[in-house]
Amino acid sequence: MQKLIIGSLTALALAVNVANAETRSIKMGTVAGPETEVMEVAARIAKEEYDLDVEIIEFTDYVTPNAALADGSLDANAYQHEPYLQSMVDDRGYDLAIAGYTFVYPIGAYSEKYDSIDDLPDGAQIALPNDPSNEGRALILMHNEGLITLNDPEFLESTPIDIAENPRDFRFREIEAAQLPRVLPDVDMAFINNTFAQPAGLSLDDALIKEGPESPYVNLIAVRGGDEEREEIRQLVDAYQRDEVIEKAEELFKGAAVPGWTE
């Protein structure tokens, strides 16, 4: 009888292990909005082709998804570009890595008061994303337009402190990226990532300043260090880098999402 019980328990343990092995799933973090809809297409492909269940968890800010990835609450996230990821790694000591690339989502400068950058008055109030990499991204665009001069236009984490010349006395407000569409009516111009611009009804075609397709800010799929070659992660990356995903991004972003994995 004792041998029978032990044997039964062993069989049960093996059955549980087999069931766990057959349950293949990952948790993916995205920022709420159209990027989540794009990821949903990749998740469907991953399920159809690899029997991989992708649970998408939405966030409304740029900080929490990396914290959740670092502490193991997520297996991956897809919402940021490499300069931002690197700034988070440097600032917080996260052990995160790049598993693959998604799209370039160009940043643009929008205004509800002016139709042209030439109409922007001296002393204009300009809202910037308050995270290091995207703030620098906006200021570099202003430098390239000749509106300001930066001490080092190659420094990707420039802030207003790094402005060498501001001949038109522009005033800067540093705002959390997700809140920028809400403050747009209260400022003369705001730099808004397409992640938040598109859901707010803003079109990149209407931006007073915008990045071109040569932008180095390609978004990516981030994982914990050492997981880059994990089977489920490779399958998700493959599912994401498909024509169906490109078509969905084209539908949602109207040409303002450029595939970043073909280069």
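**Entry 1: a pair in helix α2.** I started with E48 and R44, which sit four residues apart in helix α2 (residues 34-50), so about one helical turn separates them. This is a predicted model, and I read every value below with that in mind. The two side chains form a salt bridge, and I noted 3.4 Å between the closest N and O atoms. Next I looked up how open each partner is. E48 is exposed, at a relative accessible area of 56%, which is over the 50% needed for that label. R44 is partly exposed, at 36%.

**Entry 2: R44 again.** Which other residue forms a salt bridge with R44? I found E244, with the closest N and O atoms 2.8 Å apart. E244 belongs to helix α9 (residues 243-253) while R44 belongs to helix α2, so this pair ties together parts that lie 200 residues apart in sequence. I also checked the accessibility of E244: at 38% it counts as partly exposed.

**Entry 3: R242 and D238.** I moved on to another salt bridge, where the side chains of R242 and D238 meet at 2.6 Å, N to O. Buried or partly exposed, I wondered about R242? Its relative accessibility is 22%, so R242 counts as partly exposed, since buried means under 20%. D238 is partly exposed as well, with a relative accessible area of 30%.

**Entry 4: the wider tally.** How many salt bridges are there by this rule? The count I wrote down is 15. I also came across a network of salt bridges that links D75, R224, D227, R230 and E232.

**Entry 5: the largest pocket.** Which of the elements gives the most? That is α5, with four residues. Sorting the lining of the largest pocket by class, I got seven nonpolar, six charged and three polar residues.

**Entry 6: the second largest pocket.** Here I noted about 180 Å³ of space. The second largest pocket is lined by 13 residues, and V63, Y84, M88, D131 and P132 lie nearest its centre. Helix α4 (residues 82-92) supplies the largest share of that lining, with five residues. By class, the lining of the second largest pocket comes to six nonpolar, five charged and two polar residues.

**Entry 7: Q125.** I finished with Q125, which I located in strand β6 (residues 125-129). Is Q125 buried or exposed? At 18% relative accessibility Q125 counts as buried, because the cut-off for buried is under 20%. Then I listed its contacts, leaving out residues up to four places away in sequence. Q125 touches R171 and R173, and also D186, V187, D188 and M189.

How values were computed. Residues numbered from 1 in each chain as written. Predicted model: local features only at pLDDT ≥ 70, side-chain atom pairs only at ≥ 80, totals over all residues. Heavy atoms only, no water. Helix = DSSP H or I, 4+ residues; strand = E, 2+ residues; numbered from the N terminus. Buried < 20%, exposed > 50% of the residue type's maximum accessible area, 1.4 Å probe, protein only. Contact = heavy atoms within 4.5 Å. Nonpolar A, V, L, I, M, F, W, Y, C, P; charged D, E, K, R; others polar. 1 Å grid on protein atoms, 1.4 Å probe; cavity = no way out; pocket = protein on both sides within 12 Å on 5 of 7 lines; lining within 4 Å. Points joined across faces, edges and corners; volume = space filled by probe spheres on them. Salt bridge = Lys/Arg side-chain N within 4 Å of Asp/Glu carboxyl O.
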